[in-house]
Amino acid sequence: MKCSCCGKKKKLLESFEELEKDINICVDCSKGLYKYQDAIKEKNEEDSKKLLDEIKGKKSEKSFIEWFSKFQDRIGVQNTQCDSK
Ligand SMILES: [Zn+2]
């Protein structure tokens, strides 16, 4: 198994979080997602942008990218993929 977000392979004792069937992410990526979610909820634009860049900078699988855009909808983010600022 490998992380759908960053591509890291699961180690023996490591626990991955299952976001959806066939979408599993490592602890680091999971933490990043929760931090991002918190930043959105706190309307902390600076942090949320930084965390978003981190998440998008990873070699994510297509399935994760699709999941992530649904996740953004769910936590109330407008999709910023076309953001050129
Ligand atoms: Zn990962």
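**A strand residue and its surroundings**

Mentor: Ile25 is buried, because 24 C-beta neighbours lie inside 10 Å (20 or more others within 10 Å is buried, 12 or fewer exposed, in between partly exposed, with C-beta placed from the backbone). The model is predicted, so local features need pLDDT of at least 70 and side-chain atom pairs pLDDT 80 or more, while totals for chains, interfaces and linings use all residues. Numbering starts from 1 along each chain as its sequence is written.

Ile25 belongs to strand S2 (strands, E, of at least two residues and helices, H or I, of at least four are DSSP runs numbered from the N terminus). Beyond its neighbours within four places in sequence, Ile25 has contacts with Cys3, Ser4, Cys5, Phe16, Glu17, Leu19 and Ser30 (contact: backbone-placed C-beta atoms within 7 Å). Cys6 is 19 residues from Ile25 along the chain, and their C-alpha atoms are 7.9 Å apart. Cys26 also touches Cys3, together with Cys6, Lys8, Glu14 and Phe16, again leaving out residues up to four places away.

Ile25 and Cys26 both belong to the largest nonpolar core (buried Ala, Val, Leu, Ile, Met, Phe, Trp, Tyr and Cys joined through C-beta atoms within 7 Å). Helices H1, H2 and H3 (62–74) each contribute at least two residues to it.

H1 covers residues 27–41 and H2 residues 45–56; they pack at about 150°, with axes 8 Å apart (axes are fitted to C-alpha atoms over the stretch in contact, with angles from 0 to 180 degrees between N-to-C directions). H1 is therefore roughly antiparallel to H2 (over 145 degrees; under 35 is roughly parallel, 65 to 115 roughly perpendicular, the rest oblique). On the H1 side, the contact is made by Gly32, Lys35, Tyr36, Ala39 and Ile40. H2 contributes Asp47, Ser48, Leu51, Leu52, Glu54 and Ile55.

Leu52, in H2, is partly exposed, because it has 19 C-beta neighbours inside 10 Å. Leu33 is 19 residues from Leu52 in sequence, with 8.7 Å between their C-alpha atoms.

The loop between H1 and H2 holds Lys43, which is exposed, with 9 C-beta neighbours inside 10 Å. Phi of Lys43 is near 55°, positive although the residue is not glycine. Asp22 also has a positive phi without being glycine, near 70°. Asp22 sits in the loop between strand S1 (17–20) and S2 (23–25), and is exposed, with 12 other C-beta atoms within 10 Å.

Two further residues are exposed. Ser15, in the segment before S1, has 11 C-beta neighbours inside 10 Å and so counts as exposed. Ser15 and Glu61 are 46 residues apart in sequence, and their C-alpha atoms are 19 Å apart. Lys70, part of H3, is exposed because it has 10 C-beta neighbours inside 10 Å. Between the C-alpha atoms of Lys70 and Glu45 there are 19 Å, with 25 residues separating the two along the chain.

Definitions and conventions. Contact = placed C-beta atoms within 7 Å.
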